[in-house]
Amino acid sequence: MTHIKRDHVLFVLILGVILDTMEAEFVPNGRPVLLDEVKELHFQKGRETTYKRSPSLPQLRCTRGCEFEPDIVRCKNVKPRGRSSRWQCETNLPTHLKIGKTDIICEGFHSDEDEEVLEGSCALQYTLTHAGMLLGLFSHQCF
């Protein structure tokens with residue numbers, strides 16, 4: 001009997017560790033946030049979004065030019081307009097790369113088109129492009 005209890009306790013502890021390491025979180029009664037009021041979002045490599053109605057997503061997903069994956073990307077809401085907001089994203093990249101197209105995708109709280117989104121549900125899809133490498137080569141002045 002003691003052996004069975006010990007195995008049960010060990011199973012529960014292992015299951016707890018596994019659940020703690022999972023990145024995505026199901027939030028059935030999560031908090032709605034008006035997208036216009038979100039000033040800044042931070043996205044991390046290897047993390048998943050929270051979710052309620054649809055599956056979780058990776059917080060960062062490169063769709064083209066993916067030769068480098070940043071650890072963290074910070075995006076500021078520079079022109080709040082709900083789902084049509086304009087975001088400016090920044091991260092540390094190698095000097096030959098820059099962020100191209102960005103799309104921020106958030107789970108609507110009640111429906112796909114809801115202006116209120118589930119807190120923690122936003123993900124960033126981005127492309128990387130090559131920065132102009134020749135710009136600084138001819139900047140020396142000759143006297």
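This is a predicted model: local features need pLDDT of at least 70, side-chain atom pairs count only at pLDDT 80 or more; totals for chains, interfaces and linings use all residues.
When the bonded cysteines are counted along the chain, the disulfides of the protein chain follow the pattern 1-2, 3-4, 5-6.

**Cysteine 62 and cysteine 66**
- The sulfur atoms of cysteine 62 and cysteine 66 lie 2.2 Å apart in a disulfide, and the torsion about their S-S bond is about -95°, so this disulfide is left-handed.
- Cysteine 62 counts as buried because its relative accessibility is 19%, whereas cysteine 66, at 42% relative accessibility, counts as partly exposed.

**Cysteine 75 and cysteine 89**
- A disulfide joins cysteine 75 to cysteine 89, with 2.1 Å between the sulfur atoms, and the link is right-handed, with 110° about the S-S bond.
- This pair links distant parts of the chain, since cysteine 75 belongs to strand β6 (residues 72-79) and cysteine 89 to strand β7, 14 residues apart.
- Both cysteine 75 and cysteine 89 are buried.

**Cysteine 106 and cysteine 122**
- Cysteine 106 and cysteine 122 form a disulfide in which the sulfur atoms are 2.0 Å apart, and with 105° about the S-S bond this link is right-handed.
- Distant parts of the chain are linked by this pair, with cysteine 106 in the loop between β8 and β9 (116-118) and cysteine 122 in the loop between β9 and β10 (123-130), 16 residues apart.
- Cysteine 106 and cysteine 122 are both buried.

**Proline 94**
- Proline 94 sits in the loop between β7 (86-90) and β8 (97-105), and at 25% relative accessibility proline 94 counts as partly exposed.
- From C-alpha to C-alpha, proline 94 and histidine 130 are 9.8 Å apart in space, while 36 residues separate them in sequence.

Methods. Residues are numbered from 1 along each chain as its sequence is written. Side-chain values use heavy atoms; hydrogens and water are left out. Helices (H or I, at least four residues) and strands (E, at least two) are DSSP runs, numbered from the N terminus. Buried means under 20% relative accessible area, exposed over 50%, partly exposed in between (1.4 Å probe, protein chains only). A disulfide is a pair of cysteine sulfur atoms within 2.5 Å.
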